[in-house]
Every structure is written in C-alpha cells, then in structure tokens.
Amino acid sequence: MAGSEDAERARYHHGGDEEREGDPGRRPASSLSESEALLDKDEHSSTQSSHRLLAYSDALISIIATVMILPVAHTKLEDDEELHHNLELLLTTKIAVYLMSFLLVSMAWSAHTRLFEVITRVDDCLSLLNLACMMLITFLPYTFSLIAAFPDNILGLNLFCACVMMIGLMQAAVVLYGFSHPRFLNETHTLHKRHILKVILRVPLLCLIAASVSFVCIPLSFVTLVFAVFLPYISQSLKRCYRKLIGMQTAPPTDAVGHYSYHPWEPLSKERLEGFTDGVYAIVATLLILDICEDNIPEPSELKDRFNGSLTVALQEYGPNFLAYFGSFATVGLLWCVHHSLFLHVVRPTRTMGLLNTFSLAFVGGLPLCYQLTHELPQSSLNEREAVQISCVILFLAGFFQLAIWVVALAAGGGALHPYVHYRGRNHAFMLAKLALYPCAALGTFCLASAPGRSSAFVFHLMGVTVPLAFLVLRYAVQAWLALLRLLRSKWEGPLRESPTPYPVTGAT
C-alpha cells in the first residue's frame, strides 16, 4: 500500500506539462519531500498530546479512591454502645474492605500510568475508550458501599469484581487500539503488546476467580482479591529468589518490558505520582469541611427554642467540633507538606516507593474517620479513648509509610535522590526529623489518651493544632544542632592541625 501511494505521488509530481496546463485548477506540489511532510502534519494534527487526558484521569481516580472512606466514616455508633464491641464490624469489614478497594483502585491508576508511558498521543476514539474506563472506576464506590453495608451478601462483591474486570477489559481495548496505530506509541515501546496485555488482564482474571469463589466461601473471595493486589510483587520476589538460588544472573529488562516488570527499582512517572497524591490530599481536606457544614449548623426551630434566637450562643456549643476540624485540616496539610518536601529530594521514584506511597495515602484517606470518631463520642468516656487510639494508629501508619519511602530512597543509591542530599548532611537530617515528627506525635498522643481522667479527644486535636508549630521549631532546632556539631568539629580538628609533628621529617626539599 505504501509503495503504491509513493508511485502515485511520483507519477503526479513528474507528469507531463501538457497535463498540468490542461487542468489550471490543480495546485502543483513543489517536491516529494514537501508532500510527505504535509501528510505527516495531517496525521499529527489528528492526534493530541495525552497530558490533559492524564491530568483529568489522575484527578478522577484520586477522588474515587478517597471518597470510598465515606461509608466507613459515617458509621453511626450509639452512645450506650461500647466501641470495642463494634471493632469487629468496624475494622474487619469496613476498614479492611476500604483498604482493599483503595489498593485495587490504586492498581488501576498504576496500570493507567504505565500504559500511557507507552501511548504518548491520543485521538478521539482513544479518549472515549479512556472515558469509558473512568466511568467504570467511578462506579466502584457504590459497589464498595454495598459490600460495607451487606458484607454477607455476594451481590455487592460480585458487582465490585465485575467492575474491576470491565476496567481491565477497557484497558486491554486501549492497548489493542493504540498498538494498531503506531503513531500513538513511544518509539521504544512498539514490540511488547502481548506482554502488556498479559499484565493488564491478570487482575480481571483473579477477580473472575474471586467472584466464582464467593458462591462457596465469601472470606476466601476477599483473600483472592487481596492476593490479586500483591501477586505481581510476590511473583517477582519469588523469581529473584529462585535465580539467586540457582546462581542465574538477572538480565536487565528491556526499555519497554521494564515498565511492566514490577521490579523493585522499576521507574515511575514522578509527575503523575505527585498529581495523584495531591488529588488524594485535596479531597481528604475537602471532606472534612463537608462534615462541618452538615452537622454544625443549627436548625431555625432549634435556634429559636433552645438558644433564644442567639446564633452566637448556638455556635459556642459547636466549639470543640471546630477545634477538631482545624486540628484535622492542619494534620492533612502538614502531611502533604512533608510529602512535598520528600519528593523535592526524590528525583526518580521507583515501584517500591509507589507501593509505599499507596499505603500512606490509604491511611491519609482514613483521616475523615478520625475526625468523625473523635468529635461525635462523649468526652472522657471509654469510647472516646478507644476512638482516639484508633485515630492515632491511622495517623502513625500514614506518617510511617512516608518515612519508609525515604529509607527506600536512601537504599536505592544516588540515582533516586538529588545530588545535594547526602548522608548526615543538613538536608538528610532535617528530612529525617520532619518524617519522624508525626509518627512520634501519634505515639505520644496514644500514650496520653490511655491515661484516665482527661479528655482524650481534646489532647488528640490539640496535637493536630500544635504539631505545625513544632514543625517550625524543629526546623530551627535542627539548624542549631548542625551548627553546634560543626563548631565542635572545628574546635576538635583545629588543635590537631596545629600540633607539631612528633618526629623530624627528613629528606624535605
């Protein structure tokens, strides 16, 4: 086909003069190269850069992943119920299913990220396929709400599995369409369609198995879904261990397969990782104010009968709730600030860092649950202490996984971190102090909340408000400590430089 088109162009360009003169309306082309350039320009103009589509997809997936905490956060507990009697319902079902769903949605985002590292340009058809995939992802919170409300009914679980399978099939359709139009592809990713399809269809296949198992044993079906999340990492680890046992040298992956290898040091797109993370933090902060607007505005009849028409007196009753809001928002904002500082130092995130970042975001998404638990229960009660302890565990894990990202980045060597970050340097010390701040504060609040005779929720929210101040103090404290160490080092090394040599030096020129 290409040869016939070139022949037709040559015949047109080198035709007789009498033919050209006989058709005055025809515009002559100057050369074959100009005609081919025009055709390439027309093909290029029919496609668009994928940047805006990726930004839209990242924002949408981050919203969907975060709002799945709402069925958990809005779990109502009666004042006369003991919280530990509801832990089995609250933790083993709703929170566990939320974490599993968050990880599966994050896997869909991760697959989307790797896929559009291969496909760099899109057209209208590819955009519509991506929108269909996003539509299925937006339906996941409804299926999760069904699972959370009716954990013993297989309908919600099967709908969830069906959605995940359809998402995988839509991503497979994107692969088939993209590879059928080579102009969409990155030039280095044109020979591995079968491998990419195998990786993408792995999760839908496991979800099909989970849906089939649910008719026999629902808990085993949930185990299968969890296995679907970690299977790529488990299989990759087993392959590496097997190769080491038999003494086989691990061959470096090719450029294309490397993006689908699940190798611990497989590179990730820093831009998309930061965009997805910023979306999660923004939605979590927004969910907090929604609860304030819904629960802390008195009804007109209540204002008239209970507060004698005084709005000021009515709002004073909601004072602890406003403290809870500002403390929770400060916590979310400062965790984002720490994450921002962390990825100023990390220049090349890896697959392991992305997995740890997903775990951290999953617990950051649980912060609206902390807000609900700590401001709704009666003060100085057993329920309040247990709610604060649960909130401290969630906050500790959110900060701990951020600290784990930093440890992995240090272990990855110089390629993952900016060159100015070095061990025992100023940036290293200050970053470590910032990352350890929230885990330490959560542990301290957990211990204080365990002591009887005080309002545990007040201590928790006071911690949320005061930690930003401690953050600023910490910055200057670290600078002062490093300056003191430099001063002591200079005073210690100064006399050593000035001390005379104990033996005469012979043969000096």
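Is Arg272 buried or exposed, and what is its relative accessible area? Arg272 is buried, with a relative accessible area of 6%. Here buried means under 20% relative accessible area, exposed means over 50%, and partly exposed lies in between (1.4 Å probe, protein chains only).

The model is predicted: local features need pLDDT of at least 70, side-chain atom pairs count only at pLDDT 80 or more, and totals for chains, interfaces and linings use all residues. Residues are numbered from 1 along each chain as its sequence is written, and side-chain values use heavy atoms, with hydrogens and water left out.

The chain holds 21 helices and two strands. Both are DSSP runs numbered from the N terminus (helices: H or I, at least four residues; strands: E, at least two). The chain has 509 residues, and 46% of them count as buried. Its accessible surface comes to about 27,000 Å². Carbon and sulfur atoms contribute 65% of that surface. Areas come from the Shrake-Rupley method with a 1.4 Å probe; for residues, only the protein chains shown count as cover. Among contacts with a separation of 6 or more, 80% join residues 24 or more positions apart. A contact means heavy atoms within 4.5 Å.

Arg272 takes part in a salt bridge with Asp58, at 2.5 Å from N to O. The pair ties together parts that are 214 residues apart in sequence, because Asp58 lies in helix α4 (residues 51-67) and Arg272 in helix α13 (residues 270-295). Asp58 is also buried, at 6% relative accessibility. A search of the whole structure finds one salt bridge. The criterion is a side-chain nitrogen of Lys or Arg within 4 Å of a carboxyl oxygen of Asp or Glu.

Rings of Phe, Tyr and Trp (its six-membered ring) pair if their centres lie within 6.5 Å. Planes under 30 degrees apart count as stacked, over 60 as edge-to-face and the rest as tilted. By this rule the count comes to 11 aromatic pairs. The rings of Tyr325 and Phe329 have centres 6.1 Å apart and planes at 45°, so this pair is tilted. Both residues belong to helix α16 (residues 319-345). They are four residues apart there, which means a separation of about one helical turn. Tyr325 counts as buried, at 13% relative accessibility. Phe329 counts as partly exposed, at 39%.

Phe363 and Phe401 form a stacked pair, with 6.1 Å centre to centre and 10° between the planes. Phe363 lies in helix α17 and Phe401 in helix α19 (residues 382-411), so the pair ties together parts that are 38 residues apart in sequence. Phe363 and Phe401 are buried. Ring pairs also link Phe363 and Phe401 into a cluster with Phe230, Phe359, Phe396 and Phe400.

Helix α17 (residues 351-364) was checked for length. Its end C-alpha atoms are 20 Å apart. This agrees with the 20 Å that its 14 residues should span at 1.5 Å a residue. The expected span is 1.5 Å times one less than the number of residues. Of the 14 residues of α17, 13 are buried, so the helix is largely enclosed by the rest of the structure.

Ser101 sits in helix α6 (residues 87-118). Its relative accessible area is 0%, so Ser101 is buried. Beyond residues up to four places away in sequence, Ser101 touches Met68, Phe144 and Phe160.

Partly exposed sites were also examined. Leu432 belongs to helix α20 (residues 426-450). Leu432 counts as partly exposed, at 38% relative accessibility. With residues up to four places away in sequence left out, Leu432 touches Leu403 and Trp406. Trp406 is 26 residues from Leu432 along the chain, and their C-alpha atoms are separated by 7.9 Å. His192 falls in the loop between α9 (154-179) and α10 (193-200). Its relative accessible area is 23%, so His192 is partly exposed. His192 and Val118 are 74 residues apart in sequence, with 9.9 Å between their C-alpha atoms.

Leu484 lies in helix α21 (residues 456-498). At 39% relative accessibility, Leu484 counts as partly exposed. Together with Trp481, Leu485, Leu487 and Leu488, Leu484 makes a nonpolar surface patch of about 490 Å². Patches are made of residues with over 30% relative accessible area and no salt bridge; like charges are joined within 9 Å, and nonpolar side chains (Val, Leu, Ile, Met, Phe, Trp, Tyr) within 5 Å.
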